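Here's a quick briefing on a helix pair and a pocket. Have the model open while you read.

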Amino acid sequence: NQGLATLAFFGVGVNLVLFLTRVLGQDSAAAANNVSKWTGTVYIFSLLGAFLSDSYWGRYKTCAIFQAVFVVGLVLLSISTTLFLLKPSGCGDEETPCGTHSTFHIVFFYLAIYLVALGNGGYQPNIATFGADQFDEEDPKEGHSKIAFFSYFYLALNLGSLFSNTVLGYFEDQGMWALGFWASTASAVGALVLFLIGTPRYRHFEPKGNPLSRFCQVLVASTRKWKVERTQGEENLFEVDNKESAMNGDRKILHTDSFRFLDKAAIITPKDYAKQGKKFYGRNPWRLCTVTQVEEVKCILRLLPIWLCTILFSVVFTQMASLFVEQGAAMKTKISNFNIPAAGMSSFDILSVAAFIFLYRLVLDPVIARIRSKPKGLTELQRMGVGLFIAILAMVAAGVVEVLRLKDAKKDCPNCVNASSLSIFWQVPQYMLIGASEVFMYVGQLEFFNGQAPDGLKSFGSALCMTSISLGNYVSSLLVSIVMRISTRDDMPGWIPGNLNKGHLDRFFFMLAALTTADLVVYIICAKWYKYIKFEGRKGADDNSDDGQAEAAAAAEHRV
């Protein structure tokens with residue numbers, strides 16, 4: 001499902017800027033700006049999808065609804081392109097621009113692509129989490145399969161992207177936009193059908209209500225009790241009993257000593273409840289919160305420093321679709337009579353992702369686990385750290401290639417087409433290193449945020465991964481703007497001018513390597529400080545096996 005949905009999405013997104021310039025007649029700056037807005041909207045909608053999933057709809061319903069919206073958007077896009085926009089017939093390639101369009105046709109087009117953004121954005125953070133829901137992490141065999149699932153999930157995403165970037169991208173570049181968009185639509189329909197076919201076998205978890213209100217209740221309750229003395233021990237902290245927790249399908253989170261001020265929200269005072277016998281009645285949730293509710297807030301606060309450290313990695317990752325392409329376009333791209341598109345070099349990144357996923361799963365992980373005498377090799381935090389280190393190597397490699405490219409550059413090349421005699425294949429190492437770093441960082445990130453997010457905020461954890469990539473794009477643009485403003489002088493065009501032969505792109509890559517090194521140091525400190533979430537035990541998952549439920553209940557009771 002993820003592979004087909006990714007193929008459909010990138011079938012639209014990979015060449016959208018070309019569509020806007022060739023078919024709608026926009027200039028390059030306006031087209032790039034519109035694509036940036038559209039891409040950013042996708043990530044904003046991911047937060048909406050995560051909120052609806054965790055709060056009201058549940059992951060299955062959210063995935064199904066947003067995938068249906070995705071299909072509708074693609075159908076409308078294909079119809080508008082076929083019937084309205086490709087006029088005169090045969091326009092839309094590099095040589096034949098299309099004519100003018102009515103306001104209705106333009107509005108219809110934008111409605112379609114923003115429905116695509118809504119559908120894909122709302123679906124993305126939930127599908128990975130819903131897939132992870134199918135594995136019981138407290139079962140050793142299923143817990144190991146869950147780790148493998150994230151690796152193959154990311155592999156499917158990259159393979160779908162590879163097909164879009166190569167096959168669909170080629171047809172669209174030749175002006176066959178209708179074919180490319182209808183192929184994307186067919187892929188999205190196939191993804192939705194496959195998803196629905198599995199419905200009878202899925203495990204489901206009920207949404208836990210609005211997480212924002214639970215978060216605010218803890219902050220308000222702890223603030224209202226700021227004068228209350230916090231005693232040692234957990235005896236005076238409020239928590240629901242095991243029976244009520246089981247009925248809600250929740251796992252109780254064990255108490256931790258970090259952010260002790262928030263514990264005051266769970267301190268029991270006479271004003272918080274009316275007591276009759278051994279039971280509490282009339283608890284005001286804005287004065288008294290459960291330990292689990294308090295720990296949910298603590299979990300999010302502990303995750304934020306780790307999440308912030310991943311943004312700079314996304315800045316490095318973003319270079320693959322921007323400055324790597326510009327660098328490649330200024331190199332020797334011809335082999336005999338065949339011209340290699342600079343953007344096509346990203347295929348080496350995808351091949352690297354596929355290779356390193358299997359290398360890590362089948363070789364590195366078992367070897368490291370055997371050496372450490374543990375069930376699995378590196379922890380998620382350790383793998384993310386390795387990903388940051390490899391990203392540093394990728395930026396150093398890109399900088400070295402740029403130094404070599406400038407040595408063989410034609411200084412007066414006005415358009416920077418084949419502006420250096422250095423072959424574009426010198427870029428292969430930096431693409432391969434980015435691919436390897438993705439396997440450690442993004443796959444580890446998916447596992448980490450899914451495993452460490454509270455049960456009621458699993459989709460939000462996945463959305464954090466997407467917002468990291470989004471912010472990486474914005475930070476990258478900000479860095480480029482700052483660098484150009486500082487480095488541009490009257491006699492110097494700056495580090496990244498239109499003609500790269502007159503700039504110093506190598507210095508920008510080396511600067512990113514230095515920033516990522518500093519980020520790695522901060523990340524190591526945050527990772528050492530981080531305390532893993534500890535659950536008491538899960539009950540209430542939708543599983544049709546009575547024996548399985550009985551065993552789970554017995555195991556949970558034994559742990560309690």
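The crossing of α14 and α15 is right-handed, meaning the near helix is turned clockwise from the far one by less than a right angle. This is a predicted model, where local features need pLDDT of at least 70, side-chain atom pairs count only at pLDDT 80 or more, and totals for chains, interfaces and linings use all residues. Numbering starts from 1 along each chain as its sequence is written, and side-chain values use heavy atoms, with hydrogens and water left out.

**The helix pair**
- The axes of α14 and α15 (residues 458-487) come within 7 Å and cross at roughly 145°; axes are lines fitted to C-alpha atoms over the stretch in contact, with angles from 0 to 180 degrees between N-to-C directions.
- On the α14 side, the contact (heavy atoms within 4.5 Å) includes Tyr442, Leu446 and Phe449, while α15 brings in Leu464, Cys465 and Ile469, among others.
- The contact residues split into six nonpolar, five polar and one charged.

**The second largest pocket**
- About 780 Å³ of space lies in this pocket, the volume being the space filled by probe spheres set on the grid points.
- A pocket here is an open set of points on a 1 Å grid where a 1.4 Å probe fits, with protein on both sides within 12 Å along at least five of seven lines; lining residues have an atom within 4 Å of a point.
- Its lining has 27 residues, with Glu137, Ile147, Lys376, Glu380 and Gln452 nearest the centre.
- α6 (140-173) and α14 (428-452) each give two or more residues to the lining, and the largest share, six residues, comes from α6.
- The pocket lies between domain 1 (1-203) and domain 3 (295-535), because both give residues to its lining.

Conventions. Helix = DSSP H or I, 4+ residues; strand = E, 2+ residues; numbered from the N terminus. Domains from an automatic or database assignment. Nonpolar A, V, L, I, M, F, W, Y, C, P; charged D, E, K, R; others polar.
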